[in-house]
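Dear colleague,

Please find the structure below. My notes on what was found in it follow.

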Amino acid sequence: MHAPPTEPRAVDTRDVDPRSTDPRVEDLRQMLRIRRFEERCVELYSSSKIRGFMHLCIGEEAVSVGVLGQLGPADAVVSTYREHGHALARGLSMTAILAEMFGRQTGVSRGRGGSMHLFDAARRFYGGNAIVGGGLPLAVGLALAEKMRCTGRIVACLFGDGAMAEGEFHESANLAALWRLPVVFFCENNGYAMGTALAGEHAQTDLALRAASYGMVSWSADGMDVLAVSDAARRAVEFVRDSGEPCFVELHTYRFRAHSMYDPDRYRDKAEIASWRERDPITALSAALQGDETLSQHDLDRIEAGIIAEIDQAVAEADAAPEESVDDLTLFVHSEAHRDHH
Amino acid sequence: MTTIEGVVGKTGDATQMTYREAIREAIREAMRRDDRVFLMGEDVGRYGGCYAVSMGLLEEFGPDRIRDTPLSESGFVGAGIGAALGGMRPIVEIMTVNFSLLALDQIMNNAATLLHMSGGQLAVPIVIRMTTGAGRQLAAQHSHSLEGWYAHIPGLKILAPATIDDARGMLWPALADPDPVLIFENGSLYTVEGPAPDPTATGDISHAAIRRPGRDLTIVTYGGTLSKALAAAEDLATHGVDAEVIDLRVLRPLDDATMVASVARTHRAVIVDEGWRSGSLAAEISARLVEQAFYDLDAPIERVCSAEVPIPYARHMEEAALPQVAGIVAASLRTVGTHA
């Protein structure tokens, strides 16, 4: 097995004001870390260091931080191709994620996956799936394994509103409810399946209502408010852990950027984007924390500086990482080849 | 879309066993040996399996391990992949290869790719069994032979047990394989009866087998057409032609060495494949023999495949669409320059 990447370097926030023991400060720091990381990814894409399809979650950081923060280290996570935020919040190494996007040997998937396929078996992060809806049956199966092995662990399955038009959503929701499996379905509803608006793809746009038709406890929450997301995710995780049954949480959110780096974003109204930007989860929490004097501008600057330092170092380390040898092209097609090789 | 084929038949003779009983015994043994193993699929439990393979297993192992699924091929095949990632050793039964197309995304985009795409982190130890083939007047949507398509996909191992011994012996090594293995059971074989296999025999899932040695030409086949190839070889003997018959057993990776060594001895090759000719497994085998045994060949390679039509219902039409003994004999005689 490929050794898991090294632990991410924790940014030291100890010299921030003692009031920062307020957990909201860490939520803010995690969201900022994802935001600044992806902003750097845009620059790296523009300079051709990163290629392929790259999908950003800028605007949706509250979902990553709020959901992933409620899981235990032994729980499993199934994600999508828009998963930088999920991966960072799960604790995957920023350096190893960047190395993956640079196509290097030290990447989380040794350069075979790229932006859309981040994996970390040690952290039970099962990707990184670029077939819309393709991860949902996997989450059902992982939950079935937990149930059959009586582990008490649960599975968090993240997917978008577009996946709810796929048959695999409906098959998976039915299986999870029918077999009473410990899985939370988190629908990260950003309002668009690539370029098609929710109302253009779903006859019934109340997604929680549709999930509820499978006999699952289902509800919606504000995906732009990290505290609301955390609260919803905590309730969902506790429900599944206690009952052993699945549930569904829809998180209303919005991506501020285009679908991917190839998308000219012609299908969204500028006023709509602007109105969602007013609800920026980072700006909102930052304002709240400064408003009640939990955090000073100085504290915020220190947090920002710590994040930038971490990103700078991750970029430098990833850039210095070796490429995989082409001799190893056919490695990992079969486990046998892997064993033979080593 | 359900098909029913007969009822389970105990042969009543402990020294004899049918192909379906051999698979059932292999599943039973695997489930007794390893509590991570479970079977899931449509009607595998109370119904006993649409081809009666799992009859009686629910009573022994209970509904958790003999797990009936809804008609959600993509959902339950994907769930099998997820369960394999989660530490189980699932056997997923798909009624027929025709329905497996509803799960092709999971097989191709997840089972076959996760190990590579994750840089070696996520192996998928799943076994997927399905019925394939025609010959029972089930018409196009229940009769196709698409195992050649699956044999196209890197990351999968493809098995085609053609004998009772292989039906019994291939499952355990398939479950022991750390990667996905697909087992194709030709529907015409379930009722075939023969001597009960030695349950202690170690199954081989790497090599082709020479089922009949011969000097004059090599017939390469697998699965449901093995018996036709052997019958053709007996007929050819009456023409003074001694045919060697190779049962591929493993469709991916192909055992090139056994085929090439045989052709080096016989200098002639006929490939019999129930799949369609265009872009087929037969085409791949033909290409490999030309690449690796060109100078050993004394005649053009012949292929006997299904006619390029959706398999029809009417008996005479279906028979005309499938490889038959007479066609194999005729192709073989062409390669040796003889006419019947």
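In chain B, the axes of helix 11 (residues 256–266) and helix 12 (residues 281–293) come within 10 Å and cross at roughly 60 degrees. Axes here are lines fitted to C-alpha atoms, for helices over the stretch in contact, and angles run from 0 to 180 degrees between N-to-C directions. Helices are DSSP runs (H or I, at least four residues), numbered from the N terminus. Helix 11 of chain B contributes B:Asp256, B:Met259, B:Val260, B:Val263 and B:Ala264 to the contact, and helix 12 of chain B contributes B:Ile285, B:Arg288, B:Leu289, B:Gln292 and B:Ala293. Two residues are in contact if their C-beta atoms, placed from the backbone, lie within 7 Å.

This is a predicted model, in which local features need pLDDT of at least 70 and side-chain atom pairs count only at pLDDT 80 or more, while totals for chains, interfaces and linings use all residues. Residues are numbered from 1 along each chain as its sequence is written, with chains lettered from A and ligands numbered from 1 in the order in which they are written.

Between the chains, the contact takes 33 residues from chain B and 37 residues from chain A. On the side of chain B that touches chain A, helix 3 of chain B gives the largest share, 10 residues.

In chain A, 14 of the 14 residues of helix 5 are buried (20 or more other C-beta atoms within 10 Å of their own), so this helix is largely enclosed by the rest of the structure. After helix 5 of chain A comes A:Cys150, with a positive phi near 55 degrees.

Yours sincerely

Key: Helices (H or I, at least four residues) and strands (E, at least two) are DSSP runs, numbered from the N terminus. A residue is buried if 20 or more other C-beta atoms lie within 10 Å of its own, exposed if 12 or fewer, and partly exposed in between; C-beta atoms are placed from the backbone.
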